[in-house]
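Student: Could you take me through this model? I would like to begin with the overall layout and then look at individual helices and residues.

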Amino acid sequence: MSRSAGSRAAGAERTRQSLLAAAAQVFVEQGVQAPIRDIAGRAGVGLGTVYRHFPTRAELVVAVYRHQVDECARLATDLAGSPRPGEALSRWMDAFVEFLVTKHGLGAALQSEDPSLQSLHSLMLDTLVPACASLLDAATARGELDPDVTAYTLMRAVGNLCILGPGYDREHARAMVARLLAGCRTTMPPDGLVAA
């Protein structure tokens, strides 16, 4: 590669990173449906530059959140060997809730039927549902969780509980998710022994 081609590639990558940082800030402030012109303005570029790097809103949203999704999946891997899988699931759910509620509009976007957001749905399903399922399976195997609870259904319910609005903030979402998890637990002692 010539020096000028390498320089152009480096410049394009800097622009891409600037767009991702600007989009992340704007999404926190306004939600994932924020106007693209606001993201372009924050990054100091024109609309054409945004669309050249991210032809659809969904591609931009997925690129912004891919790192956090990967971190959430890594946490599930780290917690997988826990001797207390029910507590591990609770810790992971706390991190998942924090991810959803700090990303203004992300919970609603995940529940959206908008076909342009399908890649966001796919990223979440392909990465986080298996991560959650590994923790659910461990808790179920130890008798700590109702075996009828599935990762997809649980995560969808949590996503619904994390749609914030007037009079319903982060702490309300956390409390409701904790109640949801409590309702998913079995009454059997964690060691699997039934008292006589």
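Tutor: What follows covers the overall layout, then helix packing, then single residues.

Student: Before that, what kind of model is it, and how are residues numbered?

Tutor: This is a predicted model, in which local features need pLDDT of at least 70 and side-chain atom pairs count only at pLDDT 80 or more, while totals for chains, interfaces and linings use all residues. Residues are numbered from 1 along each chain as its sequence is written, and side-chain values use heavy atoms, with hydrogens and water left out.

Student: How many helices and strands does the protein have?

Tutor: There are nine helices and zero strands; helices (H or I, at least four residues) and strands (E, at least two) are DSSP runs, numbered from the N terminus. The pattern along the sequence is α-α-α-α-α-α-α-α-α.

Student: What percentage of the residues count as buried?

Tutor: Of the 196 residues, 36% count as buried. Buried means under 20% relative accessible area, exposed over 50%, and partly exposed in between (1.4 Å probe, protein chains only).

Student: And which percentage of the contacts join residues at least 24 apart?

Tutor: Among contacts between residues at least 6 apart in sequence, 66% join residues at least 24 apart. Contact means heavy atoms within 4.5 Å.

Student: Let us turn to packing. At what angle do α5 and α7 pack?

Tutor: Helix α5 and helix α7 (residues 118-141) pack at about 155 degrees, and their axes are 7 Å apart. Axes are lines fitted to C-alpha atoms, for helices over the stretch in contact, and angles run from 0 to 180 degrees between N-to-C directions. The two helices, α5 and α7, are therefore roughly antiparallel to each other. Angles under 35 degrees count as roughly parallel, over 145 as roughly antiparallel, 65 to 115 as roughly perpendicular and the rest as oblique.

Student: Which residues make that contact?

Tutor: On the α5 side, the contact includes L89, W92, M93, F96 and F99, and on the α7 side it includes M124, L128, C132, L135 and L136. By class, the contact of α5 with α7 has 15 nonpolar, one polar and no charged residues. Ala, Val, Leu, Ile, Met, Phe, Trp, Tyr, Cys and Pro count as nonpolar, Asp, Glu, Lys and Arg as charged, and the others, Gly among them, as polar.

Student: Staying with L89, is this residue buried or exposed?

Tutor: L89, which is found in helix α5 (residues 85-102), is buried, with a relative accessible area of 0%. Leaving aside neighbours within four places in sequence, L89 is in contact with C132, L135, L136, L145 and L181. L89 and L136 are 47 residues apart in sequence, with their C-alpha atoms 6.8 Å apart in space.

Student: How does α4 pack on α7?

Tutor: Helix α4 (residues 57-79) packs with α7 at an angle of about 5 degrees, with the axes 9 Å apart. Therefore α4 and α7 are roughly parallel to each other. Residues of α4 including V61, R66, V69 and D70 meet residues of α7, among them L123, T127 and L128. By class, the contact of α4 with α7 has 14 nonpolar, two polar and two charged residues.

Student: On to α8. Which of its residues are buried?

Tutor: In α8 (residues 151-161), the buried residues are A151, L154, M155, V158 and G159. Seen down the axis of α8, they fall within an arc of 140 degrees, so they line one face of the helix. The arc is that of the directions from the helix axis to the C-beta atoms.

Student: What does α8 meet in α9?

Tutor: L154, A157, V158 and L161 of α8 meet A173, M176, V177, L180, L181 and C184 of α9. By class, the contact of α8 with α9 has ten nonpolar, no polar and no charged residues. Helix α9 (residues 170-184) and α8 pack at an angle of about 155 degrees, with their axes 9 Å apart.

Student: Is D148 buried or exposed?

Tutor: D148 lies in the loop between α7 and α8 and, at 67% relative accessibility, counts as exposed. The C-alpha atoms of D148 and C184 are separated by 8.8 Å, although the two residues are 36 apart along the chain.

Student: Finally, which residues of α2 are buried?

Tutor: In helix α2 (residues 36-43), I36, I39, A40 and A43 are buried. They cover an arc of only 100 degrees around the axis, which puts them on the same side of α2. The face turned away from that buried side carries the exposed residues R37 and G41. Just after α2, G44 takes a positive phi of about 75 degrees.
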